[in-house]
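This report goes through selected features of the structure shown below.

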Amino acid sequence: MAKAIELVNVTKEFATPDGGTHTAIRDLSLTVESGEFCAVVGPTGCGKSTTLTLVSGLERPTTGEARTFGEPVRGINTSTGFVFQQDAVFPWKTVLDNVAAGPLFRGAGRADATGQARDWLRRVGLAGFENRYPHQLSGGMRKRVALAQTLINEPKILLMDEPFSALDVQTRAIMSTELLTLWDQTKPAVVFVTHDLEEAIALADKVVVITAGPGTVKAEFRVDLPRPRVVQEIRFDPAFVSLYEQIWEALRAEVAEAYARTTSLAGVSA
Amino acid sequence: MNEHTGTDVIAAAAEVPPSRFPAGSPRTRSRSRYRLVMALARIGLVVVFVVGWQVGVNTKVIDKFFWGSPSEVWQTLHDWIFVGTSQGSLGRQILVTMEEAVLGFVIGVTLGVVLGIALGRIRVLADLLSPFIKVANSIPRIVLGALFTVAFGFGMQSKVILAVVLVFFGVFFNAFQGTREVDRNLLSNAQLLGASPWRVTREVVLPSAFTWILASLHVSFGFALIGAIVGELLGANEGLGLLIRSSQNNFDMNGVIAGMVLIALIALVAEWLITLLERRLLRWRPPSAVDAARL
Ligand SMILES: Nc1ncnc2c1ncn2[C@@H]1O[C@H](COP(=O)(O)OP(=O)(O)OP(=O)(O)O)[C@@H](O)[C@H]1O
Ligand SMILES: [Mg+2]
């Protein structure tokens with residue numbers, strides 16, 4: 001059976017304002033099986049978000065190829081769900097209409113779509129907020145609307161770009177456990193970008209470490225902790241601790257590298 | 001002579017780009033009290049102005065042949081309302097002018113929004129048509145007014161067309177810019193959620209651009225009114241513009257000013273209606289932003 005996601009030696013260059021090119025990712029290869037939960041960690045600016053845009057078809061690789069379920073990605077890939085790093089809920093739609101948007105766009109009837117939307121709002125803990133507008137919600141609540149909005153389409157591939165970064169530690173733990181439950185129901189292939197290594201290990205089957213930009217895969221680690229997992233408790237597991245140390249070892253060098261680069265650049269321009 | 005004044009008004013008005021980010025209104029802790037004080041102060045200003053004018057006329061500091069007098073303006077209005085004007089009932093004149101302005105406004109706004117969004121969304125169309133639009137926009141509108149009066153006659157048509165031309169460009173440029181400025185994340189999100197290009201336009205581009213479009217509507221109704229009135233000044237059988245024109249021809253400044261007062265009242269009511277519409281359509285925005293968008 002074809003892999004859910006295959007990135008084969010992809011490179012992505014962007015034009016810079018001064019007329020040059022900036023290489024965001026270089027020669028990056030990554031596969032995710034269907035039903036696999038893959039976490040991606042790496043220093044800031046290494047090309048994690050860019051990688052997700054290639055899978056979703058929002059951007060095309062400069063060289064190399066992106067494939068989903070064996071098919072090359074051409075144009076917007078509506079079989080993927082994308083939870084964006086920045087706020088992307090529609091400010092002029094109520095919470096209910098935001099969540100119902102996906103099914104409506106895909107041709108569902110009004111009653112059916114709102115029924116599903118209510119169900120999903122309950123699952124993300126926003127029952128009772130149906131008629132609010134996004135500006136009347138907290139940042140964490142908006143993130144949950146975005147989550148429900150994406151999950152309601154039951155995508156076979158789920159791309160999540162730091163979905164929990166706006167949440168406090170407690171809500172984040174609860175949402176992580178909740179995400180695992182939801183994931184278990186429909187088993188999409190997941191690419192989950194995060195800066196939080198603990199979160200990555202607690203959720204994923206596989207953690208991928210990306211190098212400082214231009215990003216490429218530095219190392220992959222299998223996480224063989226038993227499921228179902230309780231995110232709040234798993235970090236005390238000895239297997240978790242030893243994995244954490246290994247992955248951190250790989251990640252630390254890249255973070256230090258990226259940091260040194262930004263500070264030396266600041267030094268040059270100063 | 002008077003036509004020249006009209007030209008300058010239009011040229012000056014048309015060159016002012018509709019304000020996109022109107023300044024925020026002052027916020028105070030006791031807002032309702034502040035509003036009351038403000039309303040009283042405004043009435044006070046009007047009273048001071050009118051009384052000052054009347055006193056000036058009575059003491060012969062102001063020549064009432066050129067500047068009219070409040071009591072006679074009032075008398076003229078009174079006569080127009082209860083006796084009728086030289087061209088028929090006052091209601092009829094107002095109705096004609098309103099009809100021209102509203103028709104011109106609706107047609108101009110519709111064309112502006114549709115074309116602005118179409119050109120904003122479809123790159124090829126924008127590249128193809130933008131030089132023509134720039135050229136058309138640089139033509140002084142009053143020249144067109146003279147043209148329309150000759151081509152379409154003294155009836156309603158020439159006024160409506162002039163109003164459309166005046167309204168169109170402001171709305172068009174705002175709709176175009178608003179379409180270009182739509183958050184790319186929202187576009188991506190809608191597309192990934194499964195929206196067709198048409199639904200993206202309807203459910204993302206249009207509401208997002210509406211903030212810009214509504215800002216231009218306030219100015220645009222004023223333009224529509226100017227179009228109707230100037231069209232009537234240039235040649236008409238009825239309407240407020242003609243009423244002003246014939247008063248001027250009779251050296252009746254009180255008639256000219258009474259006409260201006262009526263136009264101002266119409267503009268005020270229209271402004272109020274547009275603000276209501278704006279409130280309704282921008283319900284989704286935080287209240288402070290809606291308040292700030294109101295001038
Ligand atoms: N549209 C674009 N045009 C030009 N450069 C871009 C564009 N998008 C991203 N980049 C550059 O590509 C690099 C990678 O960006 P990306 O957003 O993928 O990083 P990231 O790993 O997601 O970072 P973070 O963890 O901070 O979100 C950055 O150096 C960024 O400046
Ligand atoms: Mg990112």
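Where in chain A is the place of A:Pro228? A:Pro228 sits in the loop between β10 (217–222) and α7 (231–234) of chain A. The model is a predicted one, and the values below are computed from it.

**Backbone geometry in chain A**

Most residues other than glycine have a negative phi, and most peptide bonds are trans. The peptide bond from A:Arg227 to A:Pro228 is cis, and its omega is near -5°. A:Phe69, a residue other than glycine, has a positive phi, near 45°. A:Phe69 lies in the loop that runs between β4 (63–68) and β5 (71–72) of chain A.

**Interface of chain B and chain A**

Contacts between the two chains involve 20 residues of chain B and 24 residues of chain A. About 2100 Å² is buried between them, 64% of it from carbon and sulfur atoms. On the chain B side, B:Leu192, B:Leu193 and B:Trp284 lose the most area to chain A, and together they give 37% of what that side buries. The rule finds 1 salt bridge across this interface. A:Lys93 and B:Glu203 form a salt bridge in which the closest N and O atoms are 2.7 Å apart.

Two packed helices are described by the angle between their axes and the distance between the axes.

| Helix pair | Angle | Axis distance |
|---|---|---|
| α10 (residues 197–234) and α12 (residues 253–281) of chain B | about 160° | 10 Å |
| α11 (residues 240–249) of chain B and α12(B) | about 160° | 8 Å |

Because angles over 145 degrees count as roughly antiparallel, α10(B) is roughly antiparallel to α12(B). Their crossing is right-handed. By class, the contact of α10(B) with α12(B) has 14 nonpolar, 2 polar and 2 charged residues.

α11(B) and α12(B) are likewise roughly antiparallel to each other, but α11(B) passes α12(B) in a left-handed crossing. From α11(B), the contact is made by B:Leu240, B:Ile244, B:Ser247 and B:Gln248. The α12(B) residues in this contact include B:Gly255, B:Gly259, B:Met260 and B:Ile263. The residues of the contact of α11(B) with α12(B) divide into 7 nonpolar and 4 polar, with no charged residue.

Key. Residues are numbered from 1 along each chain as its sequence is written. Chains are lettered from A and ligands numbered from 1 in the order in which they are written. This is a predicted model: local features need pLDDT of at least 70, side-chain atom pairs count only at pLDDT 80 or more; totals for chains, interfaces and linings use all residues. Side-chain values use heavy atoms; hydrogens and water are left out. Axes are lines fitted to C-alpha atoms, for helices over the stretch in contact, and angles run from 0 to 180 degrees between N-to-C directions. Helices (H or I, at least four residues) and strands (E, at least two) are DSSP runs, numbered from the N terminus. Angles under 35 degrees count as roughly parallel, over 145 as roughly antiparallel, 65 to 115 as roughly perpendicular and the rest as oblique. A crossing is left-handed if the near helix is turned anticlockwise from the far one by less than a right angle, and right-handed if clockwise. Ala, Val, Leu, Ile, Met, Phe, Trp, Tyr, Cys and Pro count as nonpolar, Asp, Glu, Lys and Arg as charged, and the others, Gly among them, as polar. Contact means heavy atoms within 4.5 Å. Buried area is the accessible area (1.4 Å probe) that two parts lose on being put together, summed over both. A salt bridge is a side-chain nitrogen of Lys or Arg within 4 Å of a carboxyl oxygen of Asp or Glu.
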